[in-house]
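Subject: A structure to look at, with notes on its salt bridges

Hello,

Here is the structure I promised to pass on. Please open it first, and then read my notes below.

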Amino acid sequence: MNYLRSISLILLSFLFVFSSAQAQQNTPLITYNTQHHPTLARNGMVVSQEYFASEAGLEILRAGGNAIDAAVATGFALAVTHPQAGNIGGGGFMMVYLKGEDRTIAIDYREMAPKAAHRDLFLDSKGDVDNARARFSYQSTGVPGTVMGLTQALEKYGTMPLEKVMAPAIRLAENGFEMPWALADSLSRFQQRLKTDKATASYYYKPDGEPYAAGEVFRQPDLAKTLQAISAEGAKGFYEGWVADKFVETMKANNGIITHDDLKSYVVRERDAVSGTYRGFKVVAMPPPSSGGVHVVQMLNVLEGWDLKELGHNSAGYLHRLTETMKYAYADRSKYLGDPDYFDVPVSALTDKSYASSIRSKVNLEKATPSTEIAPAPALPYESNDTTHFSVVDKDGNMVANTYTLNFTYGNGKSVAGAGFLLNNEMDDFSAKVGVANAFGLLGGEANAIEAGKRPLSSMTPVFLFKDGEPLMATGSPGGSTIITVVLQTILNVMDFDMNPAAATSSPRIHHQWFPDRLFVEPGHSIDTRRVLKAMGHNVNDDAASLGDRVLGSTQSIVIAPNGILMGAADPRRPGSHAAAF
């Protein structure tokens, strides 16, 4: 199957080239050409990384549900059809916009550290980080928040009963679905790790241990029973009762530290969204413990001081300014971002336009600044990986942007025996030791140190755009540490270069995260541009090996055109993405 993946990447490279050509033409937002044809609708739309999950959300919209109803249906369905990241054993962030109230709600259902967790949880006898324990043991699991987050969102902002909204997911788990090529290929590639856990092996592989082939019916009866318990009892059906018993039994049998008390103590937080302005647009994004919202606004503030459109989309001058801005944002991330319930995150200072001006003044427009010469701001102005995203818009203009995850692809690879779902390894998103990078190469400090009850810092960045007071766009992406820069470039494509969502999505991307000091460049950027960037001192990693045979992110976006038409774009970078609409 690897040759199919290679063909997919080659075709995507051609798509990137077409995208760059259209970007230079500055195609108006509400038009499109044959290379970049968004899905169009008027009554409602769901865009996710998996076909069956998008269709589950659409089923609810067709039945009269609102965007929140459809989002919850999609979220539970992804737990069945996209186990790489879709989950009931993980956590995430949901942004909800209620058009009738002109109000945005930021729902934080990120995992929490168990009460037995402590600062040195993953340090060995020499004081070094034990990465195997931090990433692949049962101790790497945080208390899951997805079930509480989805059910609470439905109860407060939805219109349908949980039983109806969960029916598509239960049907998919119980009756099964034809194994998509993307899932079959993924399970085949990850089988060595996943088969080390007896429960996981029994859930995702045939009785003889062989992977499922694309097109074969895939059923998950244990997961169906767990979903039925949630459907009947709400969040209690997961955090208490027999499902919780199975969860704790699995923990006790494998040196895990999550208890019944941890499960019963889990809480969802509703937080004030981070917002900013950019050339007449309003940008509203997820606040901490997401680092994404803060740094998207921070970077936009810096970039606003340059005429990016005049520089030309994906020109060397444009990409140089993006790269240097990214370095400063990720440097600040390492010091100032964490769970706001445990650390006073200086959101206002980091998103202050005068602070952005001070960063902009440090950028050498002719030469790259080495990351070793960039540090987190010593003082701020005073103030009183694998993941999946989906976006939903209904006929009334309500919007949902939801990003959730198990952290690694399939989390830590362990499953709750008898309950049918995978466990997360989100504890690795804490700073196991100050100054030591996590699995995504991100550095962290005291703000993100392990502490009981704390939520680990995340890069997940669900975002809304508004123009002239009206909702314009819902978007977000998976991609670990690259999420923030992927989302940034996607919304810049819309705001600065007037692209429709398909063109904005397919345009080639770059990524820099301060350390390691490497500039990742997707295929599709011209060879001359890459040469200019290298001549400016950028350490350009643009080959397949350096990218790990992967592309940057996978945005799932919906734009509301001025005439009310919904335009959706499922990112072609990862197979299986689907925009469902009517």
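This is a predicted model: local features need pLDDT of at least 70, side-chain atom pairs count only at pLDDT 80 or more; totals for chains, interfaces and linings use all residues.

A salt bridge here is a side-chain nitrogen of Lys or Arg within 4 Å of a carboxyl oxygen of Asp or Glu.

Residues are numbered from 1 along each chain as its sequence is written, and side-chain values use heavy atoms, with hydrogens and water left out.

The structure holds 28 salt bridges. R110 also takes part in one with E111, at 3.3 Å from N to O. How accessible are these residues? Buried means under 20% relative accessible area, exposed over 50%, and partly exposed in between (1.4 Å probe, protein chains only). R110 is buried, at 0%; E111 is buried at 1%, and E426 is buried at 1% too.

Another pair sits in helix 7, residues 181-189 (helices are DSSP runs of H or I, at least four residues, numbered from the N terminus). There R189 bridges to D185, with the closest N and O atoms 3.0 Å apart. The two are four residues apart, about one turn of the helix. D185 is buried at 3%, whereas R189 is partly exposed at 41%.

Finally, have a look at the network of salt bridges that links D108, R269, R271, D339, D341 and R455.

Best wishes
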